Amino acid sequence: MYTRIDIKITFRCNNRCDFCVQGDKRDIYHDRAKARVYADLASAYKKGTRGVVFTGGEPTLHPHIINFVARAKQLGYENIQLQTNGRAFAYIDLLKKLKTAGANEIGPSLHGAKPETHDALTHAPGSFLQTVTGIQNAVQLGLTVITNSVITSLNYRELPALANIMVKLGASQYQFAFIHIGGTAGKNKKWIVPKKTAVMPWVKKGLDIGIKNGVPCFTEAIPFCLMKGYENCVAERIIPEGAVVDADKFIESYGDYRRTEGKAKGPLCPACRYFKICEGPWREYPEIYGWKEFVPVKDLKKKRS
Ligand code: SF4
């Protein structure tokens, strides 16, 4: 598996999502300077990195986004992705320019099956329609489209309908990511965080649709003990290893960061057969709901003896 570098190039965004984990940075940090992004790209490539994700904030708002993609391509990056709210791709000309420059993958976010749900979460009227149009344009241009939907208290009942939309639009892969309670999401934690056990039936119905239609589908930040029968859909098993260039820090290994700082495991977890490969929930989740939902999965060998 290639390693990948995630470069946060701006924290500006034309959405105002209630669940944004980066939302508190938008008024603090400027766009990352062109020379710094070029240096980030060169240094990671030198270390053997062959994948890059331009993210933020909304990366398409950075005035040099096309130059960044072109520089990545010129250096020899093989996988060049934009992690985006997808709205700018409603304008197909921009997408064509990015593709010509070397982008081959986009990661747009859709957070509701109904326009009113998505637009309520993004606080951007019309954003649902723009993102859906952006996905259609990307599929039409032959780009790999890996969508992300953040699971919140407002949208979890729509996950199966959302999965149907992804399949119909021709997404290459879709993911349901359980809300990470930081940034703006942290400020909204009293109402926006559902209980994992409440969302799981909807998550599983949503995954069934992808599985039935042969579209790879995953969940993020939902441990194995809640994913019985869907263990192959746990995204942490396949997330490429790599570094993160943030505004105020450089994380050498995002995987190590998640396992040692970002996520946590509970008091009963050492008895679980998945203990070694499971990352646990984001650590803020049990601060709200405790550890009762996370029941260790017994070791099959021990069960038989
Ligand atoms: S290690 Fe803990 S959180 Fe992970 S699957 Fe097992 S019980 Fe669940």
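Buried residues are those under 20% relative accessible area, exposed residues are over 50%, and partly exposed residues fall in between (1.4 Å probe, protein chains only). By that definition, lysine 263 and glutamate 220 are both buried. The model is predicted, so local features are given at pLDDT of at least 70 and side-chain atom pairs at pLDDT 80 or more, while totals for chains, interfaces and linings use all residues. Residues are numbered from 1 along each chain as its sequence is written, and side-chain values use heavy atoms, with hydrogens and water left out.

The structure holds 11 salt bridges, each being a side-chain nitrogen of Lys or Arg within 4 Å of a carboxyl oxygen of Asp or Glu. One of them joins the side chains of lysine 263 and glutamate 220, with an N to O distance of 3.5 Å. Lysine 263 is placed in the loop between helix H10 (254-262) and helix H11 (284-289), and glutamate 220 in strand E7 (residues 217-220), so this pair ties together parts that are 43 residues apart in sequence. Helices (H or I, at least four residues) and strands (E, at least two) are DSSP runs, numbered from the N terminus.

Arginine 259 takes part in two further bridges, described here in turn. Glutamate 241 forms a salt bridge with arginine 259, and their closest N and O atoms are 3.5 Å apart. Since glutamate 241 lies in the loop between E7 and strand E8 (242-245) and arginine 259 in helix H10, the pair ties together parts that are 18 residues apart in sequence. Glutamate 241 is partly exposed at a relative accessible area of 30%, and arginine 259 is partly exposed at 42% relative accessibility. Glutamate 279 also forms a salt bridge with arginine 259, again with 3.5 Å between the closest N and O atoms. Here glutamate 279 comes from the loop between H10 and H11 while arginine 259 belongs to helix H10, so parts that are 20 residues apart in sequence are tied together. Glutamate 279 is buried, with a relative accessible area of 5%. These residues belong to a network of salt bridges that links Glu220, Glu236, Glu241, Asp256, Arg258, Arg259, Lys263 and Glu279.

The ligand site comes next. Pro223, Phe224, Cys225, Lys265, Cys269, Cys272, Phe275, Cys278, Val295 and Pro296 surround the ligand, where a residue is near a molecule if one of its heavy atoms lies within 4 Å of it. By class, this shell has nine nonpolar, no polar and one charged residues. In this scheme Ala, Val, Leu, Ile, Met, Phe, Trp, Tyr, Cys and Pro count as nonpolar, Asp, Glu, Lys and Arg as charged, and the others, Gly among them, as polar. The space taken by the ligand is the largest cavity. A cavity is a set of points, on a 1 Å grid over the protein atoms alone, where a 1.4 Å probe fits but cannot get out; a molecule sits in one if more than half of its atoms lie within 2 Å of its grid points.

Two residues of the loop between E1 and H1 are also worth a look. Arginine 32 is found in the loop between strand E1 (4-10) and helix H1 (34-46) and is buried, with a relative accessible area of 10%. Its side chain makes a polar contact with that of aspartate 40 at 2.7 Å, a polar contact being a pair of N or O atoms within 3.5 Å in which, within protein, one must be able to donate a hydrogen and the other to accept it, and residues adjacent in sequence count only if both atoms are side-chain atoms. Aspartate 24 lies in the loop between E1 and H1 and is partly exposed at 36% relative accessible area. Aspartate 24 and lysine 187 are 163 residues apart in sequence, with their C-alpha atoms 9.5 Å apart in space.

Most residues other than glycine have a negative phi, and most peptide bonds are trans. A cis peptide bond joins glycine 56 and glycine 57, with omega of about 15 degrees, and glycine 57 lies in the loop between strand E2 (51-56) and helix H2 (65-75). Histidine 123 has a positive phi of about 55 degrees and is found in the loop between helix H4 (115-122) and helix H5 (127-140). Alanine 221 has a positive phi near 65 degrees; it is found in the loop between E7 and E8 and is buried, with a relative accessible area of 0%.

Note on methods. On a 1 Å grid over the protein atoms alone, a cavity is a set of points where a 1.4 Å probe fits but cannot get out, and a pocket is an open set with protein on both sides within 12 Å along at least five of seven lines; lining residues have an atom within 4 Å of a point.
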